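Please have the sequence and the structure in view as I go through them.

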Amino acid sequence: MNNDIIKIIRSSFLAGVCIGIAGFGYLAEKSIIGAVMFAFGLLTVVHYGLKLYTGTAGFIKRGEVATLMLVLFANIIGCLAVAMMVRCSPMPLQDTAQKILEGRLQTGPFFGGVLAIGCGFIMTTAVTFARKGQNLPLIFGVPLFIMCGFPHCVADAFYYLCVPVSFLAENALDTMIFYVSIVIGNFVGCNLYRAVWRD
């Protein structure tokens with residue numbers, strides 16, 4: 001394994017940890033306050049220049065899809081590490097995560113994928129501004145996609161990994177189908193600007 005791949009994995013893993021910690025906070029305080037505090041995760045990712053699926057998908061070049069999938073995989077592993085912490089908490093975080101997953105499954109994969117486009121668009125816009133030292137769109141954009149119910153594939157991965165194992169096992173296939181739909185929806189949203197508005 002070459003050094004570039006190792007660097008991508010390490011960066012992406014840490015980005016997943018950042019989102020997991022932000023998700024932990026949101027599960028503890030599932031309100032507008034929790035949504036605002038979730039921005040900590042994305043601000044940290046941008047500040048350290050880490051690899052996050054939704055912060056990368058809108059900027060990839062031709063032939064980099066495999067790298068993007070590696071980023072997502074390592075993001076999920078980072079989320080898993082924090083999800084193990086959730087299972088140590090005395091707070092009812094697993095119940096809150098299950099309610100989130102139940103809501104996602106009720107939405108269904110088609111509508112979930114459509115809603116995920118909104119999150120992708122917000123994320124690429126926010127990251128574009130943040131790369132220029134302007135963090136306000138990121139601070140406002142994160143609570144916006146959360147309050148709108150736009151799924152974020154890395155945050156959702158964290159929530160799903162926090163769900164009680166029995167419930168997740170019972171709904172494994174539906175969860176996987178829904179998850180694939182939001183990964184695709186996020187990708188479309190992340191690339192919406194450059195697909196529609198090219199100079």
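Predicted model: local features only at pLDDT ≥ 70, side-chain atom pairs only at ≥ 80, totals over all residues.

In which helix is the place of D156? D156 belongs to helix α8, which covers residues 153-162.

Is D156 buried or exposed? The relative accessible area of D156 is 0%, so the residue counts as buried. If we set aside its neighbours within four places in sequence, D156 has contacts with R104, P151, F178 and I182.

How many of the ten residues of α8 are buried? Nine of the ten are, and α8 is therefore largely enclosed by the rest of the structure. The buried residues are C153, V154, A155, D156, A157, F158, Y159, Y160 and C162.

Two of these names return when we turn to A97. This residue lies in helix α5, residues 93-107. A97 is buried as well, since its relative accessible area is 0%. Not counting residues up to four places away in sequence, A97 touches L27, Y159, C162 and V163; Y159 and C162 are among the buried residues of α8. For a sense of distance, A97 and A116 are 19 residues apart along the chain, and their C-alpha atoms are separated by 18 Å.

I now move to a pair of helices. How do helix α6, residues 109-130, and helix α7, residues 136-148, cross? Their axes come within 9 Å, and the crossing angle is roughly 170 degrees. An angle over 145 degrees counts as roughly antiparallel, and that is why α6 is described as roughly antiparallel to α7. On the α6 side, the contact is made by C119, I122, M123, A126, F129 and A130. On the α7 side, P137, L138, G141, L144 and F145 make the contact. By class, the residues of this contact comprise ten nonpolar, one polar and no charged.

A126 is buried, with a relative accessible area of 2%. Beyond its neighbours within four places in sequence, A126 is in contact with P137 and L138. A126 and V46 are 80 residues apart in sequence, yet their C-alpha atoms are 10.0 Å apart in space.

That brings us to V46 itself, whose place is in helix α2. V46 has a relative accessibility of 23% and so counts as partly exposed. Leaving aside neighbours within four places in sequence, V46 is in contact with A130 and L138. V46 and R131 are 85 residues apart along the chain, with 7.5 Å between their C-alpha atoms.

R131 leads us to the pocket. How much space lies in the largest pocket? The volume is about 300 Å³. Sixteen residues line this pocket, and the closest to its centre are L50, K51, G55, T56 and R131. The elements giving two or more residues to the lining are α2 (32-48), α3 (53-56) and α4 (65-86). Of these, α2 gives the most, with three residues. Sorted by class, the lining holds nine nonpolar, four polar and three charged residues.

Finally, a word on S11, which lies in helix α1, residues 3-28. With a relative accessible area of 13%, S11 is buried. Which residues does S11 touch, not counting those up to four places away in sequence? They are G49, L50 and K51, and L50 and K51 are also among the residues closest to the centre of the largest pocket.

Helices α6 and α7 are roughly antiparallel, and their contact includes ten nonpolar residues. The largest pocket has about 300 Å³ of space, and α2 gives the most to its lining. Thank you for your attention.

Notes. Residues numbered from 1 in each chain as written. Heavy atoms only, no water. Axes fitted to C-alpha atoms, helices over the stretch in contact; angles between N-to-C directions. Helix = DSSP H or I, 4+ residues; strand = E, 2+ residues; numbered from the N terminus. Parallel < 35°, antiparallel > 145°, perpendicular 65-115°, else oblique. Contact = heavy atoms within 4.5 Å. Nonpolar A, V, L, I, M, F, W, Y, C, P; charged D, E, K, R; others polar. 1 Å grid on protein atoms, 1.4 Å probe; cavity = no way out; pocket = protein on both sides within 12 Å on 5 of 7 lines; lining within 4 Å. Points joined across faces, edges and corners; volume = space filled by probe spheres on them. Buried < 20%, exposed > 50% of the residue type's maximum accessible area, 1.4 Å probe, protein only.
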